[in-house]
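Reader: Let's go through this structure by question and answer. Keep it brisk, please.

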Amino acid sequence: MSERAIIATGIALFLAAACFPFYRNAAAPPRPLVLPLPAGERECIAPVAYMRASHGDLLLAWRDRVVRSGERVFTAPDGRVRELSLTRTCLGCHEKAAFCDRCHDYVAIGPDCWNCHVDPRRPQ
Amino acid sequence: MKITRQAFLALLAAAARAFPRPRRMAMAIDLAKCWKDRGCTRCSQACHAAHNVPQIPDRRREIKWIWKDRFENAFGEESASPAVAGAPVPLLCNHCEHPACVKVCPTGATFKRASDGLVMMDEHRCIGCRYCMAACPYGSRSFNWSDPRPFLRTIDPAYPTRTKGVVEKCTFCAERLARGGQPACVEVCPPKAMVFGDAADPSSAVAQLLQTRHAFRRKPELGAGPNVFYLL
Ligand code: SF4
Ligand code: SF4
C-alpha cells in the first residue's frame, strides 16, 4: 500500500472515531426530561410556557423589585397574594434537587443563585 | 384662571398627601441599660443567627454585623472618662445620612433607600472591591475572604447566606421591617436598651428619646450623620 493510502485510511478512521458521539446521539431515541411537579398544586404563578422560557428573567425582575425597590409581595394570576421570594415561593412548592437542579444539569448550565440562597429542604 | 386662597391651600394639602414625607429610621441605645449586664451578647447572637452571619475564629477574616467594643475605641480616648473607659458599647452600621460607602461604591451595590434612609446592600451587584470598607469611618463592614458556609453551624433558610468575595453589614433588618417587625437585636435585648423607629416622626419613641435625653453619636465631626444614637 502506498504511503498516501495509509495516511488517508488513518485520517478516515480517526474522523470516524472522533465523530462517534455525534452519530450515537443522532441514532439514540430522544430522552425527554420529565420533572416532578409539586403534588397538590395545579397552577404555577404564570403559564407553563412562560415559566419554561423565562423563569430566569422573572427571577431577575423579582430580585430587583425586592432588593432595590423594597417590594416584597405580588398578586399572582390566580389572585393569591404571594411573596417575591425564590426560597419561600418557588421552593415552597418545587423541590430544588428534583426540579431545578435536574433540569439545569440536563441543559448544562450552572446558575449561581445557590451560592447564597438556601434550599429549605436541605439547609446544609 | 383665578384661584381662591382656600382652593390653593386645599391643593397644597393634597400635594403633601400625594408625596408622603420620607421616614428616617434611627436607633437609640441606652448605655446605662445595656451596662446592666456587660457580658451580654444577646443582640449579636440574635442578629447573626437571623442573618446567617458566620463565626470565623481568625479575627482578620471575621464577619460582624453588630458587636461590642470598648467605649474609648468607639468614641475616642478623650471622651472616655474613667467612669466609662473600658465599658462595652454595641456597634453596628450607622445608616448614615451622608454615607461615604454609598459615594464610593462603583456598582451601586450599596445604596441609601429614599423611602426610609436605610443603607442597603445588593449582594448581587457587589464586586468585592472593598472601596466601601475603606470609606466607612466606623468599620461597619466585613468582607468574605472565603465561602462563609463552612463557618455556619446552622443555616436559617429564610435568609440567604453570602458568598466568597462580597461585603456585608447590618441592614437594620430590612426584611423584618417589611413585615412590620422590629430589628432582631432590638426585640431580643433583655433590658430593652435599644429603641428603633422613625426619627422624622416627632411622636415616635425614638424621636421622643432624642428630644428628652442626652444623645451622642460616633465621630460627629465627620458630618456623616449617623442614625445610631447613644444615650447616657
Ligand atoms: S465591595 Fe461591593 S459594596 Fe463595597 S464598594 Fe465595592 S462593589 Fe460596592
Ligand atoms: S456606618 Fe459605614 S457602612 Fe454604615 S452607612 Fe455609614 S459609612 Fe456606610
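Reader: What distance separates the centres of domain 1 of chain A and domain 2 of chain A?
Author: This is a predicted model. The domain assignment places domain 1 at 1–31 and domain 2 at 48–115 of chain A. Taken over C-alpha atoms, the two centres are separated by 44 Å.

Reader: Which element of chain A has the lowest mean pLDDT?
Author: Chain A averages a pLDDT of 90. At least 70 is reached by 98% of its residues. Among its elements, helix α1 (residues 3–18) has the highest mean, 95. The lowest, 88, belongs to helix α2 (residues 20–27) of chain A.

Reader: How many residues does each chain give to the contact, and how does the side of chain B divide by class?
Author: Chain A gives 14 residues and chain B gives 13 residues. By class, the side of chain B that touches chain A has 5 nonpolar, 4 polar and 4 charged residues.

Reader: What share of the residues of chain B is buried?
Author: Chain B has 9 helices and 10 strands. Its C-alpha atoms fill a box of roughly 75 × 45 × 30 Å along the principal axes. Of its 232 residues, the buried share is 34%.

Reader: What part of the contacts in chain B with a separation of 6 or more comes from residues 24 or more positions apart?
Author: Take the contacts in chain B with a separation of 6 or more. Residues 24 or more positions apart account for 62%.

Reader: What span should helix α1 of chain B have, and how far apart are its end C-alpha atoms?
Author: Helix α1 of chain B covers residues 5–18, which is 14 residues. At 1.5 Å a residue, the helix should span 20 Å. The distance between its end C-alpha atoms agrees: 20 Å.

Reader: Which residues are closest to ligand 1?
Author: The shell around ligand 1 holds 13 residues. They divide into 9 nonpolar, 3 polar and 1 charged. The closest are B:Cys105, B:Ala109, B:Cys126, B:Cys129 and B:Cys132.

Reader: And which are closest to ligand 2?
Author: Here 14 residues surround the ligand. By class, the shell around ligand 2 has 9 nonpolar, 3 polar and 2 charged residues. The closest are B:Cys93, B:Cys96, B:Pro99, B:Cys101 and B:Cys136.

Note on methods
Residues are numbered from 1 along each chain as its sequence is written. Chains are lettered from A and ligands numbered from 1 in the order in which they are written. This is a predicted model: local features need pLDDT of at least 70, side-chain atom pairs count only at pLDDT 80 or more; totals for chains, interfaces and linings use all residues. Helices (H or I, at least four residues) and strands (E, at least two) are DSSP runs, numbered from the N terminus. The expected span of a helix is 1.5 Å times one less than its number of residues. Two residues are in contact if their C-beta atoms, placed from the backbone, lie within 7 Å. Ala, Val, Leu, Ile, Met, Phe, Trp, Tyr, Cys and Pro count as nonpolar, Asp, Glu, Lys and Arg as charged, and the others, Gly among them, as polar. A residue is near a molecule or strand if its C-beta atom, placed from the backbone, lies within 6 Å of it. Domain bounds come from an automatic or database domain assignment. pLDDT is the predictor's confidence in each residue, from 0 to 100. A residue is buried if 20 or more other C-beta atoms lie within 10 Å of its own, exposed if 12 or fewer, and partly exposed in between; C-beta atoms are placed from the backbone.
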